[in-house]
Amino acid sequence: MRALATASLSFAAAIFAAEYILPVGWLPVCAVVFAALGATLLVMRRRWLRGFIIALIAFGVGLGAFALHYTRTVQRARALDGQTLELRAELLDYPRESGDYCSARILITGDGLPRLQARLYGGAGSLAGLVPGQTLSFTGKLSAADMRYGESYDYYNSCDVYFTVNAKSAVSADGAGGGA
């Protein structure tokens with residue numbers, strides 16, 4: 001039980017360090033260094049080192065996992081930041097209307113684009129009547145969701161949303177959807 005607690009605490013500390021302390025470019029190198037240091041100490045076979053070895057290896061694995069996830073999601077989203085494209089997407093939840101705009105969570109499914117979740121924004125009533133599961137087609141401006149007003153913003157990424165998309169054309173829906 002203590003070994004599992006040590007591993008999970010170290011893994012969580014690595015995720016915290018990767019998100020808030022260490023520069024992203026250093027993550028793969030730091031991951032290898034910590035995991036290799038733990039593996040090297042493993043050869044010594046000293047019982048009193050067991051917790052330290054587990055902590056080092058879990059910290060290295062945590063840094064590596066964060067770096068891999070960051071590369072597959074956030075960096076791909078930043079590469080498309082500011083582009084206006086023809087998009088195809090699957091609607092993941094019911095649209096919410098808030099005064100003069102409407103928003104919904106979507107999964108981008110277009111060819112050549114990363115399959116990442118996004119928050120779609122359109123004018124009031126522009127998404128009315130849509131149900132989850134429908135395929136949407138529209139022109140939209142992509143923005144990376146980890147920046148807001150020039151500041152780092154991690155709320156959307158914590159919800160697995162990597163883009164905000166402003167609909168620049170009418171949103172057309174195909175399919176009946178699979179709403180509840």
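Buried denotes a relative accessible area under 20%, exposed one over 50%, and partly exposed the range in between (1.4 Å probe, protein chains only). The model is predicted, so local features need pLDDT of at least 70 and side-chain atom pairs count only at pLDDT 80 or more, whereas totals for chains, interfaces and linings use all residues. Residues are numbered from 1 along each chain as its sequence is written, and side-chain values use heavy atoms, with hydrogens and water left out.

**View 1. Gly 129 in the loop between strands S4 and S5.** The loop that holds Gly 129 runs between strand S4 (117-123) and strand S5 (135-144); strands (E, at least two residues) and helices (H or I, at least four) are DSSP runs, numbered from the N terminus. Gly 129 is exposed, its relative accessible area being 71%. Tyr 94 is 35 residues from Gly 129 in sequence, yet their C-alpha atoms are 8.8 Å apart in space.

**View 2. Thr 164 in strand S8.** Strand S8 (residues 163-167) contains Thr 164. With a relative accessible area of 17%, Thr 164 is buried. Neighbours within four places in sequence left aside, Thr 164 is in contact (heavy atoms within 4.5 Å) with Arg 119, Tyr 121, Lys 141, Leu 142, Ser 143, Ala 145 and Tyr 156.

**View 3. Helix H3 and its cover.** Helix H3 (residues 50-72) has 23 residues, and at 1.5 Å a residue it should span 33 Å, in agreement with the 33 Å between its end C-alpha atoms. The expected span is 1.5 Å times one less than the number of residues. Among the buried residues of H3 are Ile 53, Leu 56, Phe 59, Leu 63, Phe 66 and Tyr 70. Helix H1 (2-20), helix H2 (27-42) and helix H4 (74-79) are included in what covers the buried residues of H3.

**View 4. The whole protein chain.** Five helices and nine strands make up the pattern α-α-α-α-β-β-β-β-β-β-β-α-β-β along the sequence. The radius of gyration of the protein chain, taken over C-alpha atoms, is 21 Å, well over the 16 Å that the globule rule (2.2 Å times the number of residues to the power 0.38) gives for 180 residues, so the chain is more spread out than a compact globule. Its C-alpha atoms fill a box of roughly 65 × 35 × 30 Å along the principal axes. Of the 180 residues in the protein chain, 36% are buried. Among contacts between residues at least 6 apart in sequence, 66% join residues at least 24 apart.
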